[in-house]
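The entries follow the order in which I looked things up.

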Amino acid sequence: MGHRPDAAPPEPVTAEAAEARAEPGLYRWERRTEWPMVTLSVLFLALYAWNVLQPDMPDSLNRAISTGMWVTWVAFAIDYVVKFALARERGRFFVRHLFDLAVLVLPLLRQLRVLRVVMVLLMLNRKSQGQVRGRVVLYVSGAVALLGFSAALAVLEVERRAPDSTIKTFGDAVWWTMTTITTVGYGDYSPVTDRGKFIAAGLMIAGIAMLGVVTGSIASWFVDRFGGIERQLEQTSSDSRRLDDDSEALRAEIGVLREEIASLRQELTASKAETRGHD
């Protein structure tokens with residue numbers, strides 16, 4: 001059978017649709033659990049912030065908050081195990097979820113676990129990449145704010161009791177976070193513990209990456225914006241050249257018609273003269 005010229009072209013396959021075809025079980029599980037995982041991540045962040053910002057709380061409340069954070073860790077562990085079991089390409093899944101695995105196998109580094117809420121937000125951002133570019137910038141901006149807040153809490157917890165530390169209050173930690181994530185680095189506040197330096201290194205890398213995403217989105221907007229104007233100018237120039245060519249062709253046709261009319265007039269004059277001669 002021949003190709004139908006009026007057949008609609010095939011629709012492009014999105015990254016999400018391709019993932020659904022490659023990993024149907026994993027895709028269904030993630031679709032069902034993404035918002036519960038977001039809720040648990042936010043709950044963990046709230047409990048962790050409460051624990052850090054109120055260090056002198058009663059022991060009973062401290063134990064309740066610690067229990068809540070461990071419950072969320074167990075939920076994250078179950079989620080990882082189920083997704084690993086559902087994955088068809090487990091090697092690929094393992095490589096792509098190294099951060100989640102590090103959070104699970106290093107449960108004592110609870111400062112690392114607060115970044116799960118940022119990772120979940122970035123996961124939701126990947127699902128919106130085919131949508132408006134401004135939404136991508138919104139997600140990344142939210143991720144930067146969450147990353148900064150989480151890093152401030154984490155560095156405050158590990159630094160405020162260190163003998164030589166300059167980060168003693170949440171305000172100090174927030175200022176340090178802002179100067180670090182923007183790579184300004186005034187040096188008036190800096191971590192002295194090994195965990196604090198580890199957090200600082202991660203914050204610098206994440207800050208550069210996220211700022212790069214925002215800068216790339218803005219640059220892409222400018223390219224599309226001015227590229228569209230340039231394409232319109234090129235189209236206008238092409239249309240103008242086409243009109244010039246058409247005008248030249250029309251002038252040539254008019255010249256030919258004028259010559260034909262002149263020739264007909266000459267023939268008509270000669271015919272009239274010949275008729276008078278016969279009379």
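I began with burial: a residue is buried under 20% relative accessible area, exposed over 50%, and partly exposed in between (1.4 Å probe, protein chains only). I note that this is a predicted model, in which local features need pLDDT of at least 70 and side-chain atom pairs count only at pLDDT 80 or more, while totals for chains, interfaces and linings use all residues. Residues are numbered from 1 along each chain as its sequence is written, and side-chain values use heavy atoms, with hydrogens and water left out.

Entry on the fold. I found 10 helices and 0 strands, where helices (H or I, at least four residues) and strands (E, at least two) are DSSP runs numbered from the N terminus. Of the 279 residues, 30% count as buried.

Entry on salt bridges. I took a salt bridge to be a side-chain nitrogen of Lys or Arg within 4 Å of a carboxyl oxygen of Asp or Glu. The structure holds 2 of them.
Asp-79 and Lys-83 form one, at 3.2 Å from N to O. These residues are about one helical turn apart, because 4 residues separate them in helix α3 (residues 59-86). Asp-79 is buried, at 4% relative accessibility, and Lys-83 is buried too, at 9%.
Glu-248 pairs with Arg-251, with 3.1 Å between the closest N and O atoms. Both lie in helix α10, 3 residues apart, about one turn of the helix. Glu-248 and Arg-251 are both exposed.

Entry on α2. This helix (residues 24-53) has 30 residues and reaches 42 Å from first to last C-alpha, close to the expected 44 Å; the expected span is 1.5 Å times one less than the number of residues. I located a kink of about 45° at Thr-33, shortly before Pro-36, the bend being the angle between axes fitted to the seven residues ending at a position and the seven starting there.

Entry on α5. Which residues of helix α5 (residues 98-105) are buried? They are Asp-100, Val-103 and Leu-104. They lie on the same side of α5, because they cover an arc of only 95° around the axis; the arc is that of the directions from the helix axis to the C-beta atoms.

Tyr-186 lies in the loop between α9 (170-181) and α10 (194-278). Tyr-186 is exposed, with a relative accessible area of 57%.
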